[in-house]
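Here is a short note for a first look at this entry. Please read the points with the structure open.

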Amino acid sequence: MKIRIRLHGRGGQGVKTAGRIISTACFLEGHCAEDSPMYGPERRGAPVLSFVRVSDGEPLEERGYIEHPDALVLLDSSSVSRSSPFYGLRTDGLVIINAPLLAPKFAFPSVAFDVSSAALRVLKKDSVSAGAAALACKALGLTSIESLSEAVRMEMNEIGLRPELIERNVELARECFSSVPTVKSFVHAHDPSPTDSNDESSEKLVEIPQMVGLQPIAAIIATGNSRLNETGLWRLTTPRIDYSKCTKCIVCFVYCPDSCITLEPDLTPHIQYENCKGCMICATECPLHAISEERAVPA
Amino acid sequence: MASNQTTIDTAYKTMKDTPREEYLQPGSPLCAGCGGEIAVRLALKALGPKTIVVSVPGCFGLLALYPYSSIENSMLFAPFASGPAAAQGIVDGIRIQVEKRAMVDPGSKVLVLTGDGAAYDIGLQATSGAIHRGLDFYYLCYDNEAYGNTGFQFSSATPTGSSTSTTAVTDSSQGNSLRKKNLFEIWKAHNPSYLATVAVSKPVDMLRKFEKASKMSGSKLFIAFSVCPTGWRSEPRETVKIDRLAVETGVWPLKESVNGRVTHTYIPRKRPPVENYLKTQRRFEHLFGACGSEHTLQEIQRDVDEYWRSISI
Ligand SMILES: Cc1ncc(C[n+]2csc(CCOP(=O)(O)OP(=O)(O)O)c2C)c(N)n1
Ligand code: SF4
Ligand SMILES: [Mg+2]
C-alpha cells in the first residue's frame with residue numbers, strides 16, 4: 001500500500017522540513033519513503049508546498065507533484081483561505097491541520113491541533129515543522145514516537161540547529177504526537193479506489209502535470225501591476241498605526257520595502273494591507289513607537 | 001547652485017524630502033523585510049520615470065514575474081553575465097534612432113540592477129568593458145553578500161566568517177575563510193565618472209548620491225548594502241537596524257568617488273565593536289558562545305580598524 005501526503009504552508013514556516021521529517025521517520029520505521037519540496041520563486045511568507053510518498057515496501061516509482069493526495073497537512077489556517085488546498089484530495093482523504101478552530105468546517109475528516117501555541121510555549125517561536133510532522137505520523141498511523149523523535153533529531157541537525165533547540169523540537173513533536181488520535185491505519189488504509197486505475201505510479205514514464213495556479217514565464221506588457229498579487233496574505237503579524245502618537249515624521253513611509261505606506265497631503269501615513277507582507281520594519285523604525293503589532297492569523 | 005562650500009546643491013535635505021512618487025509597486029515576490037528592495041525603491045524615486053531597468057537572474061529579476069511586474073518603468077531581462085552589455089544595446093539603440101530622426105530623444109536613463117553574484121563574479125567582465133567604453137549608464141548592485149535566489153551560496157562578496165550553504169560551519173571551518181572582494185576599488189580602477197556605496201539607513205545620503213550622479217554623464221555605479229533576512233538569518237523587522245549597525249560599526253563605509261576623487265560621506269566617529277553588528281545575524285552565530293571563534297572575530301575587527309586607519313580621517 002501507498003500513501004501520498006501534500007503539505008501546504010508558507011515559506012519560512014518549515015513546510016519542506018516537515019515533509020523531510022515525515023519521510024525520514026517513515027524510513028526509520030522500515031517503510032519506503034520519498035519527499036520533495038515545490039521549487040519555484042517562493043519566498044519567506046509565500047505559499048509553498050512539499051510532498052511525501054510512503055509505501056510498505058512497494059517501490060516508489062512516481063515523482064513530482066502530488067495531484068491526488070490521501071492526506072493534506074496544513075501548517076496554518078491561512079493556507080485554507082488563500083489557496084484552496086483541497087484540490088485533488090481523495091474523497092476518503094484526511095486533513096491534518098495546525099488550527100483547531102477551523103477543522104469542523106471542512107467537508108473532509110480532519111485531525112487538528114494547535115501546534116503554533118505549543119511551539120510558542122516550547123520553542124518560544126512559531127516554528128511548527130516538527131509538530132506538524134508529528135501530527136501526520138500519528139494521525140496516519142505511519143510511525144512510532146521513537147522513529148519520529150529520531151527523525152526530528154536527524155533533520156534538525158541537518159539544517160544546523162543547536163543541540164538544545166533540537167531537543168526542544170523533539171519535545172514539541174512528542175507532545176503533538178501524544179495529543180492526536182490515529183484515524184487511519186497505515187497497513188489497512190486506502191482501499192483501491194477508482195482513481196487508482198490511473199494512479200501516478202502505473203506508468204514508469206512520469207508526467208509532471210501543470211499545477212493549478214502556477215504560471216509559465218512570458219513577457220509582461222503591463223507595468224507595475226503587482227498590486228494584484230495579494231502579498232498581504234503572507235503576513236504573520238500586522239502593523240497598526242496609533243494615530244494619537246503619530247507625528248507624521250514619514251519614517252515608516254521611507255523604509256517600507258514594498259511601497260505599502262501612502263501619505264495624505266498632510267503626511268498622515270496609511271498602511272495598505274492588501275499587499276503589506278508584515279515585515280514590521282515600520283514598527284521597529286517608528287521613533288514614537290506608534291506602530292504596534294497584531295498576530296495576523298489566528299491559530 | 002552652491003553659493004559657498006557649506007551649501008549643498010540638493011533637493012534632499014531631510015528624510016521629509018523623499019519623493020512621494022512610487023516606481024516600485026506593492027506586491028513584489030521578494031521576501032518580507034528585504035533590504036535591497038528598499039534600496040531599489042529609493043534609487044528609482046531619485047532617478048524617476050524615464051529610467052529603463054535592465055535586470056539579470058537573481059532575486060530582483062523576479063520584480064517582473066509573469067503575470068506581474070512590480071516596476072512602473074520598462075524592464076529588460078538579460079542573461080546573468082550580460083547586464084551592462086544589454087544596457088549598451090539600449091543606449092546605442094536609442095542614440096541611433098535619434099540620429100536617424102526616428103524618435104525624439106526620450107532622455108532615458110539606463111539602470112543595470114544586479115546582485116553581488118552578477119557584479120562581483122560572473123558579470124565583472126561585461127561591466128569592465130562598459131565602464132572602459134565610458135558607457136552612459138547607471139549600475140546598482142544590491143549586495144546581499146551571496147547568491148541569494150538560489151539558496152544563499154557563497155560569492156566573492158561574502159564576508160569573512162559568514163556561513164552560507166557552500167561555506168558551512170564544521171569542526172574545522174568557521175564559515176567563509178576568504179575576504180570580501182573590494183569591488184569599489186576594482187570599479188574605481190576603471191575611472192568611472194561616479195561611484196558610490198550606499199546604505200538604506202542613510203536615505204538622504206543615498207538620494208543625494210543618485211541626484212549627483214544623474215547630473216553627470218558616463219558610468220555611474222552604486223554598491224548598496226542589502227540586508228537579506230532570509231540568507232543572513234536575521235529578523236525581517238530588524239533590516240534597517242542592521243543596516244545602521246553596519247554603517248556605525250564601520251563595516252560598511254559610505255563613500256563616493258567623483259572622477260577618481262574619493263570622499264567619505266559619513267564618518268562613524270564612535271565605531272562600536274563589530275560584534276554588535278554580527279550578533280544580529282545567525283549566519284555569524286557560530287562566532288559566538290562557548291565554541292565560538294575569537295580568532296575570526298578579531299580578524300573581522302582588525303580589518304575594519306585597518307580600513308579606517310588607512311583612509312586617515
Ligand atoms: C549563467 C547562469 N548561471 C547560473 C544561473 C543561476 N542563478 C540564477 S539567480 C542566481 C544567483 C544570483 O546571485 P546574485 O547575483 O548575488 O543575486 P541574488 O540572488 O543574491 O539576489 C544564480 C546562480 C543563471 N541564471 N545563469
Ligand atoms: S533572498 Fe534576500 S535578497 Fe533575495 S528577496 Fe529574499 S531577502 Fe531579498
Ligand atoms: Mg546576492
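1. A term first. A residue counts as buried when its relative accessible area is under 20%. Asn144(B) has a relative accessible area of 6%, so Asn144(B) is buried. Keep in mind that the model is predicted.

2. Which protein atoms hold the magnesium ion (ligand 3)? The donors are OD of Asp116(B), OD1 of Asn144(B) and O of Ala146(B). Along the chain, their spacing reads D-x27-N-x1-A.

3. Asp116(B) belongs to helix α3 (residues 116-122) of chain B, while Asn144(B) is in the loop between β6 (137-143) and α5 (183-188). The pair therefore ties together parts that are 28 residues apart in sequence. Asp116(B) is buried too, at 1% relative accessibility.

4. Now the fold of chain B. Its secondary structure comprises ten helices and ten strands.

5. How much of chain B is buried? The share is 56% of the 313 residues. Among contacts in chain B with a separation of 6 or more, 67% come from residues 24 or more positions apart.

6. Last, the surface and the charges. Chain B exposes about 12900 Å², with 54% supplied by carbon and sulfur atoms. It has 35 positive and 30 negative charges, and their mean positions are 5 Å apart.

Notes
Residues numbered from 1 in each chain as written. Chains lettered and ligands numbered in written order. Predicted model: local features only at pLDDT ≥ 70, side-chain atom pairs only at ≥ 80, totals over all residues. Heavy atoms only, no water. Helix = DSSP H or I, 4+ residues; strand = E, 2+ residues; numbered from the N terminus. Buried < 20%, exposed > 50% of the residue type's maximum accessible area, 1.4 Å probe, protein only. Contact = heavy atoms within 4.5 Å. Areas by Shrake-Rupley, 256 points an atom, 1.4 Å probe, with all protein chains shown as cover. Lys, Arg positive; Asp, Glu negative; His and termini not counted. Charge placed at Lys NZ, Arg CZ, Asp CG, Glu CD. Donors = N, O, S within 2.8 Å, 3.2 Å for Na, K, Ca; no water.
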